[in-house]
Amino acid sequence: MKFVYDFHEGNKDLKDLLGGKGANLAEMTNLGLPVPPGFTITTEACQEFLRHGTHVPGLAAEIDEHLAALERKMGRRLGDPDDPLLVSVRSGAKFSMPGMMETVLNVGLNDASVAGLSRQAGGNDRFAWDSYRRLIQMFGKTVCDVPGDEFEDALHEAKAAKGVKDDVQLDADDLKALVTAYKKVFVKHTGHDFPQDPREQMDLAVAAVFRSWNADRAVLYRRQERIPADLGTAVNVVAMVFGNLGTDSGTGVAFTRDPASGEQGVYGDYLANAQGEDVVAGIRNTLALAELEKLDKRSYDELMRIMATLEGHYRDLCDIEFTIERGKLWMLQTRVGKRTAAAAFTIAAQLVDEGVIDLDEALTRVTGSQLGQLMFPRFDLSGDPAPLTRGIGASPGAAYGEVVFTSKRATEVAASGKAAILVRRETNPDDLPGMIAANGILTSRGGKTSHAAVVARGMGKTCVCGADEMEVGPDYFTVGAQRVDEGDVISIDGTTGRVYLGEVPVRPSEVVQYFEGDLDPAQANDPLVAAVHRIITHADEKRRLSVRTNADTGADAARARRFGAQGIGLCRTEHMFLGDRRELVERLILARTDAEREDALAALQPLQRADFLEIFREMNGLPVTVRLIDPPLHEFLPSLEELAVKVAVAHEHGQRVEHDEQMLAAVRRMHEQNPMLGLRGVRLGLVIPGLFAMQVRAIAEAAVALAAEGGNPRPEIMVPLVGAVQELETVRAEAEKIIADVIGDSGVEVLIGTMIEVPRAALTAGQIAEAAEFFSFGTNDLTQMGWGFSRDDVEGAFFWRYLELGIFGISPFESIDTEGVGRLVRIAAEEGRATRPGLKLGVCGEHGGDPDSVHFFHEVGLDYVSCSPFRVPIARLEAGRAAVESEGSDHR
Ligand code: PEP
Ligand code: MG
């Protein structure tokens with residue numbers, strides 16, 4: 001196995017092996033762009049390291065070889081006292097994980113080579129000592145777990161002693177003294193001196209980067225972003241170039257388009273006389289990139305040329321990190337840049353207009369979850385609320401909540417069910433749990449590329465940063481004379497950057513208004529709506545899967561239809577047994593004679609017919625799958641405990657409460673230890689005479705009524721929880737008689753099919769298909785029974801541990817477990833169709849609206865997915881993407 005690749009040996013398609021940073025450094029090197037020389041240690045080396053502990057056989061020898069080549073190229077030896085080569089050791093995984101893993105700069109400096117570095121820099125002692133103190137600080141924190149605060153404190157003391165505010169005001173002697181102080185901090189925590197051997201520094205730094213793959217924050221970030229836990233990170237060893245050599249040097253980040261709106265232009269930040277992470281860390285306020293033109297026109301022009309080259313080459317928005325060392329531009333990183341959901345759509349549409357990509361590829365550049373983000377509400381500013389202050393709109397959305405100042409407090413507030421806004425001077429990777437828990441993030445420092453901004457955009461979380469009128473204290477912040485305390489409510493607008501005191505009302509997003517039909521994309525002067533319209537229209541043209549909705553009211557059905565639903569895949573009739581109808585259901589359950597039961601059913605029947613007629617009307621011409629009642633009947637009765645107490649108290653007072661006593665007896669009779677596995681679904685229909693018959697009659701009568709109005713009803717009756725074909729046959733025989741009786745010669749056609757949600761049903765699907773005209777996979781129950789996980793209990797109880805252990809990367813109730821539960825779906829689909837070739841197949845579990853699951857259902861060959869109304873557009877988009885991707889497109 002080859003573990004180390006020179007930049008000349010790689011290319012952008014080797015991200016699995018070289019990580020994103022390494023692959024793109026190689027790509028830029030091969031494009032002839034000015035990249036400092038270096039090499040990449042592969043993700044496989046990291047995997048080996050993490051598997052076996054410390055030693056990866058053969059790795060050291062390969063590093064020797066590549067380091068020697070690098071030294072030859074640079075004409076310098078690592079850490080040579082007279083003329084040292086210094087390197088950076090940087091993490092770089094396949095998927096970008098901003099700030100999650102480690103980087104060490106200036107490796108190779110020691111007590112001797114610091115003088116050599118000063119000579120290289122033309123006798124610049126200040127620069128050399130500054131570089132050395134940074135190495136001890138980064139190395140101490142990253143490699144040896146020295147608390148970073150202690151270095152910060154020492155730096156503060158040095159500045160305070162001198163009476164200055166900025167790091168740059170410390171001179172060479174101050175920094176030399178700081179190095180001594182830092183070394184003391186180092187010894188105190190590690191029990192040994194800061195290592196002077198340059199190669200030992202490098203090896204320890206490489207091992208620390210490997211280990212940082214499993215740092216808590218990296219694990220948490222991966223879980224959040226669904227990045228597999230076993231990929232490992234690559235390590236890039238790169239010859240140092242210096243942005244901190246004086247005012248003719250600096251470092252910056254740039255985007256080829258605005259990552260928030262997608263507009264073309266000059267976007268980025270620049271910080272003169274600064275090194276490495278200073279820009280992204282948001283420590284000092286940066287200059288807009290356009291200002292660089294005035295400072296260093298030659299470098300600026302070259303950067304613009306390179307940005308155009310990169311965009312042309314990657315055919316997408318790129319983000320870039322660069323350093324200028326004494327007027328010479330160096331490229332430190334590029335990648336296809338992260339962007340907001342809105343920018344993803346507008347950029348994809350722009351690139352189509354520019355002829356760079358076609359619509360198929362545009363479709364693969366956006367995701368259902370991005371579309372979901374665009375459907376969140378926005379602030380309603382019609383009341384013209386005065387903003388408290390303003391920052392940079394770094395990640396769009398409208399969020400309000402209680403102000404909190406620590407990550408810990410954010411998680412506490414969120415756990416209590418309330419919304420929190422995390423307010424910080426700037427965030428760092430340790431704030432990640434709070435950023436996940438909070439509704440939004442507000443910082444007083446840093447630009448669009450600060451840690452807060454980058455991480456929030458990645459998560460689709462509202463963020464305003466750099467609100468620099470704010471003074472952030474430990475448990476309050478002020479804007480001028482206005483003080484805001486922990487627990488006060490604020491609202492932040494991640495699009496405009498405005499911050500408001502109190503809760504600002506919200507209104508629906510433009511994209512939702514478009515789906516509702518209230519906004520004509522041709523008329524609305526809104527590039528986002530136009531882009532969404534164009535891309536989703538293309539998805540509709542491409543997709544093979546139909547998209548239906550789960551709805552059980554006329555209003556939901558109507559909305560889903562506006563959102564593009566092509567029918568109802570699941571109408572849960574039990575939802576029609578609640579509210580003031582409960583009493584009728586109680587009568588049914590308490591009935592002691594056939595006559596009493598029939599009376600109760602007769603009272604329910606017209607109500608059910610009216611429900612179905614309303615839904616059939618809204619879905620006129622489209623299929624509507626009505627599922628016969630599913631949950632155990634005792635769900636419609638009062639709770640056992642409450643009733644028992646009530647009856648006991650009455651008896652205590654010598655009262656007779658006949659109705660309650662009867663009810664209590666019924667509740668006791670029907671009590672089940674495992675109701676989810678008890679008398680529900682088809683079992684209920686087989687045990688309570690007349691219940692399913694009443695529903696079937698109501699469905700058939702409603703259909704006939706709509707046909708009589710001139711409509712086109714397409715009812716499908718679905719039997720829940722079937723595990724054996726005999727169950728279905730029994731229900732079917734009775735239903736067919738009723739249907740024949742009701743429909744007469746009205747021309748109405750009623751299909752009868754079943755849910756496949758019990759593993760036995762999936763495994764005997766070939767038999768069940770004899771009695772079913774369609775299958776709809778109930779993947780909620782199929783997951784529950786496939787895994788043996790109680791769907792109401794386990795997610796809150798112990799899934800966190802399963803996620804931590806990597807048993808699964810995401811809850812199988814959220815995204816289909818393709819290997820297990822998915823296999824049941826696959827078997828049932830194949831065997832069902834083998835019996836009945838025209839068998840219609842759909843899915844109506846929660847997975848029907850989950851982007852990854854939609855791709856799986858496409859691949860298995862289902863006819864449709866069904867999901868809640870708001871997820872209909874998401875499923876349409878993902879079904880289109882699945883179709884384009886399975887055409888074997890080479891776009892990704
Ligand atoms: C299912 O089990 O996936 C399903 C759709 O039915 P319910 O969620 O109502 O049990
Ligand atoms: Mg179910």
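**Questions about a predicted model**

Guide: Let us begin with two residues in this predicted model: both Glu 757 and Asp 781 are buried.

Visitor: Which ion is coordinated by Glu 757 and Asp 781?

Guide: Glu 757 contributes OE and Asp 781 contributes OD, at 2.0 to 2.1 Å. The ion that they coordinate, written as ligand 2, is the magnesium ion.

Visitor: How many residues apart in sequence are the parts that this pair ties together?

Guide: Glu 757 lies in the loop between strand E30 (751–756) and helix H28 (759–763), whereas Asp 781 lies in helix H30 (residues 779–787). The pair therefore ties together parts whose separation in sequence is 24 residues.

Visitor: Asp 781 is also linked in a network of salt bridges, so which residues make up that network?

Guide: A salt bridge needs a side-chain nitrogen of Lys or Arg within 4 Å of a carboxyl oxygen of Asp or Glu. The network has both kinds of partner, and its members are Glu 574, Arg 627, Asp 630, Arg 680, Asp 781 and Arg 791.

Visitor: How many salt bridges does a search of the whole structure find?

Guide: One of the salt bridges joins the side chains of Lys 2 and Glu 9, with N to O at 3.2 Å. When the whole structure is searched, the number of salt bridges found is 62.

Visitor: In which helix do Asp 301 and Lys 297 both lie?

Guide: The side chains of Asp 301 and Lys 297 meet in a salt bridge, 2.9 Å from N to O. Asp 301 is partly exposed at 28% relative accessibility, and Lys 297 is partly exposed as well, at 45%. They are four residues apart, about one turn of the helix, and the helix that holds both is H11 (residues 297–314).

Visitor: Glu 885 forms a salt bridge with Arg 881, but is Arg 881 buried or exposed?

Guide: Both residues lie in helix H35 (residues 872–886), four residues apart, and their closest N and O atoms are 3.4 Å apart. Glu 885 counts as partly exposed because its relative accessibility is 22%. Arg 881 has a relative accessible area of 5%, and since the limit for this class is under 20%, Arg 881 counts as buried.

Visitor: What is the phi of Arg 315, which is not a glycine?

Guide: Arg 315 sits in the loop between H11 and strand E11 (318–325), and it is partly exposed at 30% relative accessibility. Although Arg 315 is not a glycine, its phi is positive, at about 55°.

Visitor: Leu 721 also has a positive phi, so what is its relative accessible area?

Guide: Leu 721 is found in the loop between strand E29 (714–719) and helix H27 (725–743), with a phi of about 60° although it is not a glycine. Leu 721 is buried, and its relative accessible area is 0%.

Visitor: Which residues form the negative surface patch?

Guide: One of them, Asp 149, has its place in helix H6 (residues 148–162), and Asp 149 counts as exposed because its relative accessibility is 56%. The residues that form the negative patch are Asp 149, Glu 152, Asp 153 and Glu 157.

How values were computed
Residues are numbered from 1 along each chain as its sequence is written. Chains are lettered from A and ligands numbered from 1 in the order in which they are written. This is a predicted model: local features need pLDDT of at least 70, side-chain atom pairs count only at pLDDT 80 or more; totals for chains, interfaces and linings use all residues. Side-chain values use heavy atoms; hydrogens and water are left out. Patches are made of residues with over 30% relative accessible area and no salt bridge: like charges are joined within 9 Å, nonpolar side chains (Val, Leu, Ile, Met, Phe, Trp, Tyr) within 5 Å. Accessible areas come from the Shrake-Rupley method with a 1.4 Å probe; for residues, only the protein chains shown count as cover. Lys and Arg count as positive and Asp and Glu as negative; His and the chain ends are not counted. The place of a charge is taken as NZ of Lys, CZ of Arg, CG of Asp or CD of Glu. Helices (H or I, at least four residues) and strands (E, at least two) are DSSP runs, numbered from the N terminus. Buried means under 20% relative accessible area, exposed over 50%, partly exposed in between (1.4 Å probe, protein chains only). Donors are N, O and S atoms within 2.8 Å of the metal (3.2 Å for Na, K and Ca); water is not among the atoms, so sites may look incomplete.
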